[in-house]
Amino acid sequence: RQEVTGRYLRWAGELAADLEHRMERGEPWQAAFDAVADDLRAALGLADGAVAAALARSLGHLMFARRFLAESRRHYLRAAECAADDAAAARDLWSAAGVAQVESKGQLRYEYAVAAAERAAAAGDHGTQAAVLAEAVSVATRFPAIFDRDVGLAELQQILDLAHRVAPPGDVAATAQLRAADAWTQTRLVDVPDAASFHAALAAAERADDPVLISAALDALGSMQVMSGHFVEPQER
């Protein structure tokens, strides 16, 4: 039984990874995945340790692509539980946070991000810690409607201050997240924000070459222009 189970788990892990590669290369994969999804779920139920972490991570990715969002989030949480180290667990929790945001579950998204930052700090990865915390602040200020309760500005400012303190100098990704958080926080603090922080957020996002952050920075800049009474410029963003 042990030998057969081991072979089954190796097959499941290799197949899940292959399906991910097909998806990333833009090759057909959905039908093949749908045909074995239950087998991969069953394999995960038999797995533990590093095998479970890798398979859960792959399933989280694949299920998200198939829009099984709640299941994707659960798989990423399982991957974090079984992760071999704090750095891997931080990435898995950050992925779970991202899925929760797509589900419009702001409170979970915030909690997972804070947990991810704690694991990143334990791993000594202060760049990821700063980026995760800053992104959590951006989401809380940008999308308050998806939260069950409003996260207070004092709490968000405390988290943002910590992110600024721990961010390594020269970390382009962390800097981009920090500038975005600074800009979005301005929309909650004043009636007419200072444009400088929004332009800084866009410039940092462009240096990081991150399309999602660039889009968010453009959204922030457009929001600032609307708050300033300039309604034509946002149409061009």
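**Exercise 1.** Decide whether Trp-29 and Phe-33 are buried or exposed.

*Solution.* Start with the cut-offs: buried is under 20% relative accessible area, exposed is over 50%, and partly exposed lies in between (1.4 Å probe, protein chains only). Both Trp-29 and Phe-33 come out as buried. This is a predicted model: local features need pLDDT of at least 70, side-chain atom pairs count only at pLDDT 80 or more, and totals for chains, interfaces and linings use all residues. Residues are numbered from 1 along each chain as its sequence is written, and side-chain values use heavy atoms, without hydrogens and water.

**Exercise 2.** Count the aromatic pairs, then classify the pair of Tyr-8 and Trp-11.

*Solution.* Rings of Phe, Tyr and Trp (its six-membered ring) pair if their centres lie within 6.5 Å; planes under 30 degrees apart are stacked, over 60 edge-to-face, and the rest tilted. That rule gives three aromatic pairs. For Tyr-8 and Trp-11, the centres are 5.9 Å apart and the planes are at 15 degrees, so this pair is stacked. Next, check accessibility. Tyr-8 is partly exposed at 24%. Trp-11 is partly exposed too, at 36%.

**Exercise 3.** Classify the pair of Trp-29 and Phe-33.

*Solution.* Take the distance: 6.0 Å centre to centre. Take the angle: 50 degrees between the planes. The pair is tilted.

**Exercise 4.** Which residue lies over the face of Phe-64?

*Solution.* A charge sits over a ring if NZ of Lys or CZ of Arg is within 6 Å of the ring centre and within 35 degrees of the ring normal. Arg-67 lies over the face of Phe-64, 5.7 Å from the ring centre.
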